[in-house]
Structures are given as structure tokens and as C-alpha cells.
Amino acid sequence: MAGTPISGFFVKGSYTSFESFIHVGPHAGVPRSFGKFLSKNNGFILGSADGLVFVMHDKRWLINATARSLYVYNPARRTRCLLPAPSDMCRRDRIAVNFMSNEDKMTKDYKLVYLSSTKDQHSLHRCQVYNSVAKMWTMDKRLDFGEGAIDLDHPVVHDETIFWASKREMGTMNKPYVVAFDLRTECTQIIRPPERMNIVPADIIGIGKWEGKSVCLIHYRKSSRVFALELLQKSRNGAIRWETVHEMSLARRGFEEPLIGISTMLCEVTTTTLLVFATYKDAYTYSIKDGEIKKLGPLLLLFPSLIPYSNTLRSCGQQEELFEET
């Protein structure tokens with residue numbers, strides 16, 4: 001099933017609540033006051049899915065206030081809903097959302113996957129799952145996410161499985177891989193790219209969804225300045241194979257600025273799929289359909305993260321309330 005087209009990106013740093021919003025279309029659905037509201041209330045965006053923005057508020061400096069709380073917002077509706085807080089919340093935590101279809105094929109409810117790093121072992125992540133139907137946290141496990149650092153800002157959800165790509169760490173020689181978390185079995189799988197891709201430490205990898213149907217690894221070869229999109233395919237017996245479905249050369253298009261290894265992803269818009277990438281100053285998109293490269297806007301941070309946002313009127317939940325943006 002194809003996802004909801006994106007309308008823009010939240011730009012945030014690792015420890016900042018909100019820096020700016022970059023528009024992709026003319027109707028983003030995010031009021032300018034929303035960013036000020038988050039900053040004023042010490043709100044940190046953990047992730048966004050289909051119009052819902054999940055925010056941790058940290059109010060430890062206030063007397064008689066709950067130290068940390070978890071809210072889901074819909075900026076287009078100006079509504080929010082308080083969720084039960086997971087254990088040991090931190091601004092470095094991230095989320096992923098799997099929407100569940102009911103008997104009418106509507107996707108009103110969801111499972112929220114909440115990820116935290118663990119101190120006891122680098123490869124383990126604490127994974128908590130919240131079910132919006134049960135209105136409770138139904139899973140709390142420590143799962144193997146491999147030996148490397150993981151790009152938790154850009155999950156891809158497909159067929160009740162959530163995928164993340166590893167990311168490069170300075171001073172390490174860890175080979176890249178993909179982590180797959182199956183919500184049905186509550187287990188993870190480490191998926192290695194084939195040797196033919198010849199991914200070296202200077203390259204950039206990301207992950208996305210190809211035509212709304214399957215997971216796609218994004219590989220940027222720094223030496224040749226070429227993006228390759230590799231489709232992940234799984235046979236009935238579980239065997240993995242990769243197929244190159246698209247390549248794009250920045251050099252042939254006269255694009256000379258060096259890229260940075262953050263926020264490389266595939267995003268659906270109304271008429272095409274966009275490959276998103278960034279330089280030290282700006283964010284860019286490449287249209288899979290017509291091959292056009294466009295500048296999205298300035299990033300304003302040295303190593304920011306772009307969080308995709310879709311303009312929808314999806315409800316935050318039965319207990320949603322209007323929130324004041326003053």
C-alpha cells in the first residue's frame with residue numbers, strides 16, 4: 001500500500017527541539033507557531049507518521065510537573081493526545097509507527113514502536129510497543145540491532161515489519177547492514193547487503209520504500225558520485241536477494257557539492273517519488289520520474305535530521321484535545 005504523500009520536513013538537531021520546517025508542497029498543514037510552541041514547552045520530536053507527530057515534553061525544571069510526557073500531535077487539526085509514558089524516556093529516543101487496518105480497511109489505530117539505546121551492550125536496543133487499541137504498552141524487550149550505530153530517525157514500515165539502516169561511525173570499520181523488526185514475532189533480523197555493492201566507509205547508505213511496495217537500500221558511491229537504489233526481495237523460503245532498480249549520477253548532472261551522510265531517504269509526493277539528500281548547507285530532492293534536482297532549502301544546522309511530515313486530518317485518538325499554540 002502506498003503511503004501518504006509528504007508535504008515537508010521538520011529540521012532538528014540531535015539535542016534541539018525544532019529548528020525549522022522545509023516545505024515540499026504549498027499546503028504543508030504546519031502552522032508557523034507550532035515550532036515556537038514546541039520550543040517554549042521543551043518538546044522534542046521523536047518521529048512523525050501520516051500526519052501524526054510524536055513529541056516528548058521535558059519539564060523537569062517545573063515544580064510539581066510530570067518530568068517527561070509523551071504526546072501525539074496533529075498540527076493540521078491543532079489537536080493532541082496524551083499517551084501513557086514508556087519507561088525511561090530520553091530525547092535521544094526515536095519511534096516508528098505501524099498503522100493497523102480494521103474490518104472497513106481504515107487505518108485509525110496503530111502500534112507505536114519506541115526505541116532506546118541500552119547502556120549494558122552497544123548492540124542491544126530497548127524496544128517498547130504501544131497498542132492504540134488496547135491503550136497500553138504491550139511489549140518491552142531488549143533486541144539485537146547489530147554492532148553498528150543505527151539511523152533511527154528514518155524507519156521504513158512494510159508488511160508489519162520495520163526497517164532501519166545502519167550509519168557510519170567515525171573510527172569504526174563496521175560493515176553496513178539493515179535491521180528488520182517483525183511486529184508479529186517480536187524479533188529482529190540483520191540483513192547484509194551483497195558484496196557486489198562494494199560499500200566502503202566513505203559511501204552513504206539510507207533506506208526507503210520503492211513505489212510503496214518494497215524496501216529499498218539507497219547507496220551513494222562517493223568515488224563515482226552515483227546513487228544506486230537496490231530493491232530488497234524475499235522469497236517464500238526467506239532467502240534475500242537485491243535488485244538494482246535505479247541509478248543516478250550527480251556528476252552527469254553537474255552537481256558538484258559534497259554530500260553529508262544524514263537524511264538520505266526516499267519520500268512519496270503527489271506525482272512521483274523523491275530521493276532526498278543533503279550537503280553541508282542545503283537539502284535537495286531528485287525526482288525519480290523526471291530526473292530533476294531541486295533545492296529544498298537551507299538546513300541551518302551542521303548535522304541536522306530531516307523528519308518527513310504528511311498533511312492529513314488523522315485523529316490523534318479518542319481523548320484528543322485542542323492545544324493552545326501561544
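This is a predicted model: local features need pLDDT of at least 70, side-chain atom pairs count only at pLDDT 80 or more; totals for chains, interfaces and linings use all residues.
## A three-stranded sheet around β1

Let's start with an open sheet of three strands, ordered β2-β1-β24, in which the pairing is antiparallel. β2 and β24 are the edge strands, each pairing on one side only. From one strand to the next the twist averages 30°. A few terms first: helices (H or I, at least four residues) and strands (E, at least two) are DSSP runs, numbered from the N terminus, and two strands pair if DSSP finds at least two bridges between them.

Residues are numbered from 1 along each chain as its sequence is written, and side-chain values use heavy atoms, leaving out hydrogens and water.

## A closer look at β1

How many of the residues of strand β1 are buried? Five of the five (residues 8-12) are, so β1 is largely enclosed by the rest of the structure. Buried here means under 20% relative accessible area, exposed means over 50%, and partly exposed is in between (1.4 Å probe, protein chains only). In a regular strand, side chains alternate between the two faces of the sheet. In β1, Gly-8, Phe-10 and Lys-12 point one way, Phe-9 and Val-11 point the other way, and all are buried.

On one pairing, β1 is joined by five bridges to β24 (residues 305-309), and the two run antiparallel. Within β24, Tyr-309 is the bridge partner of Gly-8, and Ile-307 is that of Phe-10. Another pairing, also antiparallel, joins β1 to β2 (residues 20-23) through four bridges. There, Ser-20 of β2 stands opposite Val-11.

## Helix α1 and its two sides

Helix α1 covers residues 32-40, and its buried residues are Phe-34, Gly-35, Phe-37 and Leu-38. Looking down the α1 axis, these buried residues fall within an arc of 160°, so they line one face of the helix. (The arc is that of the directions from the helix axis to the C-beta atoms.) On the face turned away from that buried side sit the exposed residues Arg-32, Lys-36 and Lys-40.

What covers the buried residues of α1? The cover includes β1, β3 (43-49), β4 (52-58), β5 (68-74) and β6 (79-83). Contact means heavy atoms within 4.5 Å. After α1 comes Asn-42, which has a positive phi, near 50°.

## A four-stranded sheet

There's also an open sheet of four strands, in the order β7-β8-β9-β10, with antiparallel pairing. Its edge strands, each pairing on one side only, are β7 (94-100) and β10 (136-144). Here the twist averages 20° from one strand to the next. Seven bridges tie β7 to β8 (residues 109-117), and these strands run antiparallel. Asn-98 has Lys-111 as its bridge partner in β8.

## Nonpolar cores

In soluble globular proteins, nonpolar side chains tend to be buried together. A nonpolar core, as used here, is a set of buried Ala, Val, Leu, Ile, Met, Phe, Trp, Tyr and Cys residues joined through side-chain atoms within 4.5 Å. The largest one has 19 residues, and the members touching the most others are Phe-54, Val-72, Leu-83, Tyr-110 and Leu-112. Two or more residues of this core come from each of β3, β4, β5, β6, β7 and β8.

Leaving aside residues up to four places away in sequence, Tyr-110 touches a set of residues including Phe-54, Val-72, Leu-83, Val-97 and Tyr-130. A second, separate core has 18 residues, among them Leu-231, Leu-266, Phe-277 and Tyr-284.

## Cysteines and a buried serine

How many disulfides are there? With a disulfide taken as a pair of cysteine sulfur atoms within 2.5 Å, the count comes to zero. Cys-127 is in no disulfide, its nearest cysteine sulfur being that of Cys-187, 11 Å away. Cys-127 is also buried, at 0% relative accessibility. For Cys-267, the closest cysteine sulfur is in Cys-216, at 12 Å, too far for a bond. Cys-267 is buried too, with a relative accessible area of 5%.

Finally, Ser-166 lies in strand β13 (residues 161-167) and is buried, with a relative accessible area of 5%. Not counting residues up to four places away in sequence, Ser-166 touches Ala-149, Ile-150, Lys-175, Pro-176, Tyr-177 and Ile-205.

Terms used: Axes are lines fitted to C-alpha atoms, for helices over the stretch in contact, and angles run from 0 to 180 degrees between N-to-C directions.
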